[in-house]
Amino acid sequence: MPGFLSKLLRVLRERRGTDMSFICRHLLSERGEASQTALAQEIINAYGAMNDAQKLQFLEMLSRDFAPSQAEILAAASDYRRAPGPSTLAALAQAVEAPRQELFRRINTAPHGTETLVALRSHMFELSSNGAKFAEMDADVKHLFRSWFNRGFLRLERISWHTAALILEKLIGYESVHEINGWPDLQRRLAADRRCFAFFHPALVDEPIIFLEVALSDGLTGDLEPLLDIHAPVLAPAKFNTAIFYSINNCLNGLRGIPFGNFLIKQVVDELAAEFPHIQTYSTLSPLPLFSRALRDEKNEQGFTRERLSRLLADHSRSFTAASGIHDPVDALFSLLEQPLPHRAVLAEPLERLALAYLTQVRRQGRLYDPVATFHLSNGARLERINAFGNLRPYGLKASFGVTVNYRYLPIEVEENHERFVRGEIQVSNGLIAEQKSVSQAWHGSRRHPSAVTTEPGTRHR
């Protein structure tokens, strides 16, 4: 290492604990590649040694001191207005970009740079939940991540029981939809009638970015338990005709909001189609993570108002009264939902109706309330089937009273369904047409209100 660089690093290490701004500005001013990498490594090492309070100070410094200069932006904009052209446009673009973006690019050149920046964004989320404001800096990091983590850099791998134990152990920790209860549970999820695929990035060694779990089955199911039962018999390949995507997990909080899932599902469909040409149905078995909350959200004017609930439940008033002793159907519903399992026969049909309303009608700030529905429907799937009491595990009963939903991916329809969803249309299966019309009429309080939900052409029956 050249003498001047050794001396500089010595000075930087002495000042690391008190003046991270000094080190960051030196990194931006350096032109030599070796110097940049060495300085970036110093920042990475310093950040890794910080406690929570020091990280907060560091992030606040980046947000404050490495933001774009308003004066420079206005001057560059004035120059461009006066003489529009490539040079003034380039100067304006440079002025608009926050200096911290170039700082992050240079940090990324050092070993563990990408890993550090992913962790930094995760810390930003944690601190923002406690009142810190990093929206502008998050936009800068997200802009860079959308380039660094685009599909061209990701590597798809099938995860099997022979995959490295380190990665398998991480999958157990990262599973957030349906908890993996130890190694026997994981081994069953990787058996011959199961598949697991993950995206990896070359800068994050042995670190899955996102993974998808698939059950290969004989027919579509809305019941989760057979898919998670570690004692369930392994189905012979000759009987596979359906691939059910039952769990998709983003692994790293620092990559939240970076789109991976749509690429992953489409590539997994291609992989499975090549391995099992006789599989005809590609579907999910999905949760409704916010259904219970939405049903009780009285402040959302785009949601389940008491009047809408009354109209949706009108056909079930007598059965609700008989089961609960409460005359008002809305009050009776919430009384029965306190202990839903003993009242399965009474609740099954109205829960499916309410879930259909939730998935197709309930909005929040103009968007679908349910994030899982938004993901799959925007990805080109159609709403295939709703299943009352498909998930009887405690977390399923808490989040959605046990309701599950199947979204179906038909390769020939994916692009068209996506385009229709962008225009505000939701595709549903033929089996949901009649109920959807009833739900739409009850929701809007009019038998003539046009529905924004459409169905697949008649030649594409299930």
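Arginine 367 is found in strand E7 (residues 367–368), where helices (H or I, at least four residues) and strands (E, at least two) are DSSP runs numbered from the N terminus. At 65% relative accessibility, arginine 367 counts as exposed, the terms being buried for under 20% relative accessible area, exposed for over 50% and partly exposed in between, with a 1.4 Å probe and protein chains only. Arginine 367 and tyrosine 80 are 287 residues apart in sequence and 38 Å apart in space, C-alpha to C-alpha.

This is a predicted model, in which local features need pLDDT of at least 70 and side-chain atom pairs count only at pLDDT 80 or more, while totals for chains, interfaces and linings use all residues. Residues are numbered from 1 along each chain as its sequence is written, and side-chain values use heavy atoms, with hydrogens and water left out.

**Histidine 178**

- Histidine 178 lies in the loop between helix H10 (165–174) and helix H11 (183–189), and with a relative accessible area of 3% this residue is buried.
- The side chain of histidine 178 is joined to that of tyrosine 395 by a polar contact of 2.7 Å, and the histidine 178 side chain also reaches the backbone oxygen of tyrosine 246 at 3.3 Å; a polar contact is a pair of N or O atoms within 3.5 Å, of which, within protein, one must be able to donate a hydrogen and the other to accept it, and residues adjacent in sequence count only if both atoms are side-chain atoms.
- When neighbours within four places in sequence are left aside, histidine 178 is in contact with Arg189, Leu224, Leu228, Tyr246, Ser247, Asn391 and Tyr395, contact meaning heavy atoms within 4.5 Å.

**Aromatic pairs and charges over rings**

- A search of the whole structure finds 11 aromatic pairs; rings of Phe, Tyr and Trp (its six-membered ring) pair if their centres lie within 6.5 Å, and planes under 30 degrees apart count as stacked, over 60 as edge-to-face and the rest as tilted.
- Phenylalanine 145 and phenylalanine 149 form an edge-to-face pair, 5.5 Å centre to centre with 80 degrees between the planes, and phenylalanine 145 is buried at 1% relative accessibility, as is phenylalanine 149 at 2%.
- Phenylalanine 149 also forms an edge-to-face pair with phenylalanine 260, at 6.3 Å centre to centre and 75 degrees between the planes.
- This pair links distant parts of the chain, 111 residues apart, with phenylalanine 149 in the loop between helix H9 (135–148) and strand E1 (155–158) and phenylalanine 260 in the loop between strand E4 (242–250) and helix H13 (261–275).
- Phe145, Trp148, Phe149 and Phe260 form one aromatic cluster.
- Lysine 55 lies over the face of tyrosine 47, at 5.4 Å from the ring centre, and the charged end of arginine 364 sits over the ring of tyrosine 369, 4.3 Å from its centre; the criterion is that NZ of Lys or CZ of Arg is within 6 Å of the ring centre and within 35 degrees of the ring normal.

- Strand E3 (residues 208–217) is largely enclosed by the rest of the structure, because 10 of its 10 residues are buried.
- Strand E2 (residues 194–200) pairs with E3 in the antiparallel sense over seven bridges, two strands being paired if DSSP finds at least two bridges between them, and the bridge partner of phenylalanine 197 in E3 is leucine 212.
- E3 and E4 run antiparallel and are joined by eight bridges, with serine 217 standing opposite threonine 242 in E4.

- Phenylalanine 389, in the loop between strand E8 (382–387) and helix H20 (394–400), has a positive phi of about 60 degrees although it is not a glycine, and is buried with a relative accessible area of 6%.
- Phenylalanine 401, in the loop between H20 and strand E9 (404–409), likewise has a positive phi, of about 55 degrees, although it is not a glycine, and at 3% relative accessibility counts as buried.
- Both faces of E9 are covered, with Thr404, Asn406 and Arg408 buried on one side and Val405, Tyr407 and Tyr409 buried on the other.
- E9 pairs in the antiparallel sense with E8 over five bridges, where arginine 385 stands opposite asparagine 406, and strand E5 (residues 281–284) pairs with E9 in the antiparallel sense over two bridges, where serine 283 stands opposite arginine 408.
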